[in-house]
Amino acid sequence: MVDNELMMQHASEIAGDIGAKAIVSFTEPFPFESDKPVIWVEDLQLDILRDLTMHDILEISQRHLHDAAIQIYLTKNFDEGLVVGVFPYAILVYDINEGRNFINVRDYDDIVSREVMSAVLRLALDIAVEGREGRHIGTAFIIGNSDEIMKNSHQAIINPYKGQHPDDCDIKNRHNWESIKEFSQLDGVFVVDPNGRIVAAGRYLNINTGSINLPGGMGGRHLAAAAITLDIPVIGVTVSESGGIVRIFRDGKCDQTIRSDVRVRW
Ligand SMILES: Nc1ncnc2c1ncn2[C@@H]1O[C@H](COP(=O)(O)OP(=O)(O)OP(=O)(O)O)[C@@H](O)[C@H]1O
């Protein structure tokens, strides 16, 4: 296998030559100096690539780079430009526009601002990757006119956000994420208004799932999120307990699927 340091040096040169925004490294992290920001991707078992054909290696590497690019897009607001991906076996150049075409938070700005949508997706990815106390967590955020959502739902347990200071309910504020992650273990969903204020947690949606048709493997949580988006103009963001996948629902359908099996570190 080629030395990781050598791969990184070449990637750094390529990144300089093509004016890339960053280097995304899938190799084992080590201290590395570069003019370009280096993003390390963790939690990937790339050893399995060793026995595959070059075609398969490239296909899998590209998929991982695509997943990482979505996280970079959501976290860094990199809207366009190139990144150089470094794998133990390959160097790939990736256009962030491709990731952006796949998921564009502006697609939802008739209901929720880009800032709130990015925050919810980033938090949802965190919950999908980290879980809580060593176990996977599933939850959902229903975003839109909160009065309408409240009318179409009821408390499964006491609402922990009732009567709280608005600053403590702001989903855009990362300082609030720890408590949101804690409450994501509760049964039911979060209700979020278009400004990013969490109005309720532990909320059960009163829905009619008759006209909803989802692919197999999606149970009550996904059905409920899909159904409410058909009944009223809201967005549903789900985190699946089984599989750690984040999905965006709109108009009764799953609009986007984001895999969480790569973890980027800045
Ligand atoms: N109508 C509803 N409103 C709000 N939450 C619901 C509703 N129905 C189910 N849920 C939530 O979904 C949880 C899991 O249900 P289920 O396992 O059937 O969902 P799922 O879609 O298979 O999701 P996962 O992939 O996360 O397991 C329930 O414990 C509950 O918290």
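Student: Leaving aside neighbours within four places in sequence, which residues is Ile143 in contact with?

Tutor: Contact here means C-beta atoms, placed from the backbone, within 7 Å. Ile143 is in contact with Ile111, Val112, Val116, Val120, Val192, Val234, Ile235 and Val237. This is a predicted model: local features need pLDDT of at least 70, side-chain atom pairs count only at pLDDT 80 or more, and totals for chains, interfaces and linings use all residues. Residues are numbered from 1 along each chain as its sequence is written.

Student: Which residues touch the most other members of the largest nonpolar core?

Tutor: In soluble globular proteins, nonpolar side chains tend to be buried together. A nonpolar core is a set of buried Ala, Val, Leu, Ile, Met, Phe, Trp, Tyr and Cys residues joined through C-beta atoms within 7 Å; buried means 20 or more other C-beta atoms within 10 Å of the residue's own. The largest such core has 70 residues, and Val120, Ala124, Phe141, Ile142, Ile143 and Val237 touch the most other members. Helix H4 (residues 114-130) gives the largest share, 10 residues.

Student: In what order do the seven strands of the open sheet run?

Tutor: Strands of a sheet pair through backbone hydrogen bonds, either parallel or antiparallel. Strands are DSSP runs (E, at least two residues), as are helices (H or I, at least four), numbered from the N terminus; pairing needs at least two DSSP bridges. The order is S6-S8-S7-S5-S9-S10-S11, with mixed pairing. S6 (153-155) and S11 (253-258) each have a single partner strand, so one side of each lacks a neighbour in the sheet.

Student: How many bridges join S5 to S7?

Tutor: Three, between parallel strands S5 (residues 139-143) and S7 (residues 189-192). Ile142 has Val191 as its bridge partner in S7.

Terms used: A residue is buried if 20 or more other C-beta atoms lie within 10 Å of its own, exposed if 12 or fewer, and partly exposed in between; C-beta atoms are placed from the backbone. Two residues are in contact if their C-beta atoms, placed from the backbone, lie within 7 Å.
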